[in-house]
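Let's take a walk through this one, from the overall fold down to a few side chains. Have a look at the chain first.

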Amino acid sequence: MKIRIKGNSIRFRLTQSEVQQLSETGSVKETTIFGPNVFQYQVKLMSSVQNLQVSYYNDTILMMIPEADGKNWFHNDTIGFEHEVELSEGKKLHLLLEKDFTCLENRDEDQSDNYPNPKLQH
């Protein structure tokens, strides 16, 4: 799972096996160790949410997806989910959860579990 944060935008990208795990178990989590500190980011299916939601607590970013959407995600062609959360003072937080496609350019990283990029298919 990859996470990208830029300003008031958070994007999570999941590989095929991570989407399958999310659909089957209801959760997928990644951990990054910063010396004595641990940062975690997680995607979790929740029956109580109607759109993507996010929370940040105790060094963990938790992105919540409606359970009905997430349970079927591995078995359909939906690329991802997007939602904007209203914040105070007229600001918004843009959320994006999507399947991770192979890069168009050669990268020095393992992409064997990524989804085939539709732009590379003829």
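**The overall picture**

Keep in mind that this is a predicted model. The protein chain has two helices and eight strands. If you read along the sequence, the order is β-β-α-β-β-β-β-α-β-β.

How much of the protein chain is buried? Buried residues account for 37% of its 122 residues. The accessible surface of the chain is about 7,900 Å², and carbon and sulfur atoms contribute 46% of that. As for contacts between residues at least 6 apart in sequence, 39% of them join residues at least 24 apart.

**Aromatic rings**

Searching the whole structure turns up three aromatic pairs. One of them is Phe12 with Tyr41: the ring centres sit 5.9 Å apart and the planes meet at 85°, which is over 60°, so this pair counts as edge-to-face. That pair ties together distant parts of the chain, as Phe12 belongs to strand 2 (residues 9-14) and Tyr41 to strand 4 (residues 37-46), 29 residues apart. Both Phe12 and Tyr41 are buried.

Trp73 and Phe81 make another edge-to-face pair, with 5.2 Å from centre to centre and 65° between the planes. Are these two buried or exposed? Trp73 is buried at a relative accessible area of 0%, and Phe81 is buried as well, at 16%.

Phe39 comes into the story too: ring pairs join Phe12, Phe39 and Tyr41 into a cluster.

**A buried aspartate**

Asp100 is found in the segment after strand 8 (92-99). Its relative accessibility is 1%, and buried means under 20%, so Asp100 counts as buried. What does the side chain of Asp100 make a polar contact with? The partner is the side chain of Arg13, at 2.7 Å.

Now for some backbone. Asn58 has a positive phi although it is not a glycine, and Glu89, also a residue other than glycine, has a positive phi too. Here is where they sit:

| Residue | Phi | Loop | Relative accessibility |
|---|---|---|---|
| Asn58 | about 55° | between strand 5 (53-57) and strand 6 (60-66) | 60% |

Why do they count as exposed?

Key
Residues are numbered from 1 along each chain as its sequence is written. This is a predicted model: local features need pLDDT of at least 70, side-chain atom pairs count only at pLDDT 80 or more; totals for chains, interfaces and linings use all residues. Side-chain values use heavy atoms; hydrogens and water are left out. Helices (H or I, at least four residues) and strands (E, at least two) are DSSP runs, numbered from the N terminus. Buried means under 20% relative accessible area, exposed over 50%, partly exposed in between (1.4 Å probe, protein chains only). A polar contact is a pair of N or O atoms within 3.5 Å; within protein, one must be able to donate a hydrogen and the other to accept it, and residues adjacent in sequence count only if both atoms are side-chain atoms. Contact means heavy atoms within 4.5 Å. Accessible areas come from the Shrake-Rupley method with a 1.4 Å probe; for residues, only the protein chains shown count as cover. Rings of Phe, Tyr and Trp (its six-membered ring) pair if their centres lie within 6.5 Å; planes under 30 degrees apart count as stacked, over 60 as edge-to-face and the rest as tilted.
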